[in-house]
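I opened this notebook to record what I looked up in one structure. The entries follow the order in which I checked things.

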Amino acid sequence: MARLSESGASAATAGPQADELSRSGLLLLLALTITWGLNWPMMKLALQEVQPWAFRSLCLMIGGTSLLALTRASGGAVRIPAGRLGPLALVALFNITAWHLLSAYALLHTGSGRAAIIGYTMPLWASLISVVALGARLTLPQVLALLLGMAALVLLIGQDFGTVGAAPVGALLMAGAALSWAIGTVLIKQFAWSGMPVMALTGWQQLIGGAPIVVGWWLLEPWPDLLGLSLPAALGLTYAVFVATIFCHTVYFKLVSLLPAHVAALSVLAVPVVGVVTSAWILGEPVGLAEAAALLAVVAGLFLLTRPTGR
């Protein structure tokens, strides 16, 4: 989960090599979209044999440490600016702790494709939170995007209610995860990070937000038998740690340095599509009318939010 940097993207795309960099950026955009979308069924595979607290602890501790190491190796500063530890912990609580736990438990109760659709309603709720908490004014595209996101939730949650004996636990947990991510996204824009590199900021969020998850793992779950995992679960865990948590974040930071922010944001638009398709392919999850309609609504809403303005 990463946020866009308008100034960083626009600065990096200036200069005589802008066209060449844009082509490189588009290739990275394609790679990021596929790899992040594929993470949803891979997480589902891992969670079939690795319990949620252990799974998230491994992802965040290895991922956060690696991101800080990559920042240092690239010459960036990894020190937390003075007075920023408190805000960093608050942001990490929503962006990391709540998101990762809620989404992991959601995947135990619902399909990974459905979870991806609901998870990527986050930008829609971030717009609404900005209005309620910060007094921002919604534009017409934002209003339409919110309505589309709400329609997607109603479709998916309503389908669970329509099944005899079913409860929409997974969908509601995933909606809570999306809302938590949205709160964290709004909060992170309210604090000055004193030039802290984005990769270091993300790495520290993962380590700080992951600390209570590690404690929960120690209190609630045994150490997983990693050597006894089946091949699908081992591949899922490896993918979630090294591809989704490390590679995707690193590629994303490179991406926003090559492309304008609204173009980089297109990766968010396509991730749930890839998530649904790969979940159906790998896990055999059904894609019915409700899922297709909800996916269309979310993608349309994201398109309204990410399209460039002033054209």
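How many of the 20 residues of helix 8 are buried? I counted 14 of the 20, so I noted helix 8 as mostly covered, taking buried to mean under 20% relative accessible area. I keep in mind throughout that this is a predicted model.

**Entry: the whole chain**

I looked up the secondary structure and found 13 helices and 0 strands. Read along the sequence, the pattern is α-α-α-α-α-α-α-α-α-α-α-α-α. The chain has 311 residues, and 52% of them count as buried. I then checked contacts between residues at least 6 apart in sequence, and 89% of these join residues at least 24 apart. For the surface, I noted that the chain exposes about 14,000 Å². Carbon and sulfur atoms supply 71% of that area.

I went back to helix 8 for its length.

Next I searched for aromatic pairs, and the structure holds 7 of them. One of them is Y120 with W181: the ring centres are 5.5 Å apart and the planes stand at 85°, so I filed the pair as edge-to-face. This pair links distant parts of the chain, 61 residues apart. W181 is in helix 8 (residues 169-188), while Y120 is in the loop between helix 5 (112-119) and helix 6 (122-134). Are these two residues buried or exposed? Y120 is buried at a relative accessible area of 7%, and W181 also counts as buried, at 3%.

I looked at W217 and W223 next. Their ring centres are 5.0 Å apart and their planes are at 25°, so this pair is stacked. I checked the cover on each partner. W217 is buried, with a relative accessible area of 10%, whereas W223 is exposed, with 62%.

I also asked which residues the ring pairs link into a cluster. The cluster is made of W40, W99, Y120 and W181.

**Entry: helix 6**

I moved on to helix 6, on the far side of the loop that holds Y120. It has 13 residues and reaches 17 Å from its first C-alpha to its last, close to the 18 Å expected at 1.5 Å a residue. I listed its buried residues as M122, P123, L124, W125, A126, S127, I129 and S130.

**Entry: the salt bridge**

How many salt bridges does a search of the whole structure find? It finds 1. Side chains of opposite charge can pair when their charged atoms come close. In this bridge E291 is joined with R114, and the closest N and O atoms are 2.8 Å apart. I noted that the partners come from distant parts of the chain, 177 residues apart. E291 belongs to helix 13 (residues 289-306), and R114 belongs to helix 5. E291 is buried, with a relative accessible area of 9%. R114 counts as buried too, at 11% relative accessibility.

**Entry: helix 9**

I looked up helix 9 (residues 198-220) for its length and its line. It has 23 residues and reaches 33 Å from its first C-alpha to its last, close to the 33 Å expected at 1.5 Å a residue. Where does helix 9 bend? It bends by about 35° at A211, and a proline, P212, follows within four residues.

L220 also lies in helix 9. I found L220 exposed, with a relative accessible area of 59%. I then took its distance to A54, which is 166 residues away along the chain, and the two C-alpha atoms are separated by 9.5 Å.

**Entry: L90**

My last stop was L90, which I placed in helix 4 (residues 85-107). L90 is partly exposed, with a relative accessible area of 35%. Which residues does L90 touch, not counting residues up to four places away in sequence? It touches L187 and F191. I also checked L90 against Q205: they are 115 residues apart along the chain, and their C-alpha atoms are separated by 9.3 Å.

Key: Residues numbered from 1 in each chain as written. Predicted model: local features only at pLDDT ≥ 70, side-chain atom pairs only at ≥ 80, totals over all residues. Heavy atoms only, no water. Helix = DSSP H or I, 4+ residues; strand = E, 2+ residues; numbered from the N terminus. Buried < 20%, exposed > 50% of the residue type's maximum accessible area, 1.4 Å probe, protein only. Contact = heavy atoms within 4.5 Å. Areas by Shrake-Rupley, 256 points an atom, 1.4 Å probe, with all protein chains shown as cover. Expected span 1.5 Å × (residues − 1). Bend = angle between axes of the 7 residues up to and from the residue. Phe/Tyr/Trp six-rings, centres within 6.5 Å; stacked < 30°, edge-to-face > 60°. Salt bridge = Lys/Arg side-chain N within 4 Å of Asp/Glu carboxyl O.
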